[in-house]
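Please look through the structure shown below and keep it in view while you read.

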Amino acid sequence: MGRQNDGEPLPGFNKTQYSGILPQKGWPGRNLKFWRHRIVPGMFSRAGGTHSSPVLEAPTDGRVRITWIGHASFYVQFAGHSVIVDPNWANWHGPVKRLLQPGLKLREVPEVDLVLVTHAHFDHLHKPSLKVLKAKEGIIVPRGSGSLVRRLGFSAVHEVRAWDELLFQELQVVHTPCFHWGARYVHDTHRDYGGYLIRAGGKSVFHCGDSAYFDGFEEIGRRHEIDVALMPIGAYDAPSGRNVHMNPEEAVRAFADLGAKVLIPMHYGTFPLGNEPHDEPVERLLMEADRLGISERILIPEAGVGIEW
């Protein structure tokens, strides 16, 4: 394993931006709406979808297979390498019930090269799921979150800062900046957060992590050629009123800034984390893509079904 860039600012550097943790004016009313129309109805609903067994055969050289597990969780397979990003098989996060079953059976997921975690929030760093997974090269987390995963059974824990690059033979992982926050609770605001650019076998996949829109997407696209962009499109009507997640139109704008070839949406339809209607994120995404004439570049995933590109 090799490491490049010690994380110091570089020319043209767009640093990670911090959203803060304080709610905005009007949050009591938004939270009441959230509980009445999202949390309580969700408690009594049956999760949709089905569990599938992962495809174990690697894709051919020059192609990548991307399987959405649900929420921000993906199983990414290249010709000679594989990674899992933000694995989360939880059925509940506190009072928030999962509305879409995990697309893959957790205990059938084979050993991967790496597990990547974008930030320490409970819906992205899920310890029970991490304890089950096996990774030859260990786990990568943003700086400040290593202590959360050191006792979960991984052979190595790699903490990274924005623009750090790790090399595992021909598997390259770059930690990219975003506009969010990383505290798992309230007091631990020292934890970093971001996304990942993953490259192997002639293909590159960008996992945005959680992010509001910011000009750093242009910088990421300037530095790295991206084939597939995994972009969050849900939880934009936050009960707190904070600007912490992109809406679908902003996700398309970020996709354009990145210069990526295709967009696969995520962070919707699994856990109700915003006040927007359940089906609205995908509907708005497709409407915006149609308006811009790029519908053929939007690939809507089905949980547990691999998309090869």
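In helix α4 (residues 216-223), the buried residues are Gly 216, Phe 217, Glu 219 and Ile 220, where buried means under 20% relative accessible area, exposed means over 50%, and partly exposed lies in between, with a 1.4 Å probe and protein chains only. Helices (H or I, at least four residues) and strands (E, at least two) are DSSP runs, numbered from the N terminus. The buried residues of α4 pack against β12 (171-176), β15 (203-207), β16 (228-232) and α5. This is a predicted model, in which local features need pLDDT of at least 70 and side-chain atom pairs count only at pLDDT 80 or more, while totals for chains, interfaces and linings use all residues. Residues are numbered from 1 along each chain as its sequence is written, and side-chain values use heavy atoms, with hydrogens and water left out.

Which residues does Phe 217 touch, not counting residues up to four places away in sequence? Phe 217 is in contact (heavy atoms within 4.5 Å) with Phe 206, Cys 208, Ser 211, Ala 212, Met 231, Met 246, Ala 254, Asp 257 and Leu 258. Phe 217 is also one of the residues with the most contacts inside the largest nonpolar core, which has 59 residues; such a core is a set of buried Ala, Val, Leu, Ile, Met, Phe, Trp, Tyr and Cys residues joined through side-chain atoms within 4.5 Å. Helix α5 (residues 248-258) gives the largest share of this core, five residues. A second, separate core of 21 residues includes Leu 106, Val 115, Val 117 and Ala 120.

Strand β12 holds His 175, which is buried, with a relative accessible area of 2%. Leaving aside neighbours within four places in sequence, the contacts of His 175 include Pro 142, Trp 163, Asp 164, Tyr 193 and Tyr 196.

On the surface, Trp 35, Val 40 and Phe 44 form a nonpolar patch with about 350 Å² of accessible area together. Trp 35 has its place in helix α1 (residues 27-43) and counts as partly exposed at 40% relative accessibility, while Val 40, also in helix α1, is partly exposed with a relative accessible area of 36%.

Side chains of opposite charge can pair when their charged atoms come close. A search of the whole structure finds 14 salt bridges, each being a side-chain nitrogen of Lys or Arg within 4 Å of a carboxyl oxygen of Asp or Glu. One of them joins the side chains of Glu 219 and Arg 223 (2.8 Å, N to O), and because these residues are four apart in helix α4, they are separated by about one helical turn. Within this pair, Glu 219 is buried at 7%, whereas Arg 223 is partly exposed at 23%.

Another salt bridge brings together the side chains of Glu 308 and Arg 63 (3.5 Å, N to O). Glu 308 lies in strand β18 (residues 306-308) and Arg 63 in the loop between α1 and β3 (65-70), so the pair ties together parts that are 245 residues apart in sequence. Arg 63, Arg 65 and Glu 308 are linked in a network of salt bridges.

Technical notes. Patch = residues over 30% accessible without salt bridge, like charges linked within 9 Å, V, L, I, M, F, W, Y side chains within 5 Å. Areas by Shrake-Rupley, 256 points an atom, 1.4 Å probe, with all protein chains shown as cover.
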